[in-house]
Amino acid sequence: MNTIAQLNSHSENTSVTRSSSLHYSAPHKQIQIIDTPADRFCTEIVADALKIASTGKRVLIVQLLKGGIRQGHDRVINLAQNLDWIRCNLIRNISISDLNDLELHNFEQLWKHVRGVARSSEYSIMILDDLSLAIELGLISIEAATNLLTKLPEDLEIILTGTNPHAAIVELAA
């Protein structure tokens, strides 16, 4: 990973930290960014999420552009106690914005689910993978993304992973 930010919970000061030469966000911020290698979700992120989940905090990992047969917003996979994972209900990963109608519908359903979860108090931490790439591909507008990130409940922390974070999102996390 090129960049790793500090993961902090709002209560009980639980944190998992790795050093980095570049931080996009300050400690105790609600939005944090981790710049990861292209097309690779790092095992360190899952390991850190598992450590946080072991403290009793509910964690959700959402891989926006990764597909999987019989996956989707309505098929949450429980990786461990307090750690859930969802992907888009697609037979392929999304790397271009040329989606057929069913793929676009499934992506939109996942994004709708993400927005609903972000408004709820179901999770303490949500890890969103490839939000900036989804913006770049035109699947999510920057307005929709910043709207989500500026209206978070106080008890929800968002960790954004992926490459080349969008400048507007970096500004929100600063």
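Modeller: A helix here is a DSSP run of H or I with at least four residues, and a strand is a run of E with at least two, both numbered from the N terminus. On that basis the protein has 5 helices and 8 strands. The model is predicted. From the N terminus, the order is β-β-β-α-β-β-β-α-β-α-α-β-α.

I pick strand S6, residues 83–88. Burial is the first point: 6 of its 6 residues are buried. For the protein, 48% of the 174 residues are buried.

S6 pairs with strand S4, residues 59–67, in the parallel sense. That pairing runs over 6 bridges. In one of them, Val62 is the bridge partner of Ile86 in S6. S6 also pairs with strand S5, residues 77–80, this time antiparallel and over 3 bridges. Here Ile77 partners Trp85 of S6. S5 and S6 form a hairpin with 2 residues between the strands. Asn82 in this hairpin has a positive phi near 75°.

Now the charged contacts. The model has 4 salt bridges. One joins Glu122 to Arg58, with the closest N and O atoms 3.7 Å apart. This pair links distant parts of the chain, 64 residues apart. Glu122 sits in the loop between helix H2 (101–119) and strand S7 (125–129), while Arg58 is in the loop between helix H1 (43–53) and S4. Glu122 is partly exposed, because its relative accessible area is 40%. Arg58 is partly exposed too, at 28%.

S4 itself carries a partner. Lys66 forms a salt bridge with Asp130, closest N and O atoms 3.5 Å apart. Lys66 lies in strand S4 and Asp130 in the loop between S7 and helix H3 (131–136), so the pair ties together parts that are 64 residues apart in sequence. Asp130 and Lys66 are both buried.

Arg92 bridges to Glu103, with 2.8 Å between the closest N and O atoms. Arg92 lies in the loop between S6 and H2, and Glu103 in helix H2, so this pair ties together parts that are 11 residues apart in sequence. Arg92 is partly exposed, at 28% relative accessible area. Glu103 counts as buried because its value of 10% falls under the 20% cut-off. Shared partners join Arg58, Asp84 and Glu122 into one salt-bridge network.

Last, the wider setting. Among contacts between residues at least 6 apart in sequence, 67% join residues at least 24 apart.

Methods
Residues are numbered from 1 along each chain as its sequence is written. This is a predicted model: local features need pLDDT of at least 70, side-chain atom pairs count only at pLDDT 80 or more; totals for chains, interfaces and linings use all residues. Side-chain values use heavy atoms; hydrogens and water are left out. Buried means under 20% relative accessible area, exposed over 50%, partly exposed in between (1.4 Å probe, protein chains only). Two strands pair if DSSP finds at least two bridges between them. Contact means heavy atoms within 4.5 Å. A salt bridge is a side-chain nitrogen of Lys or Arg within 4 Å of a carboxyl oxygen of Asp or Glu.
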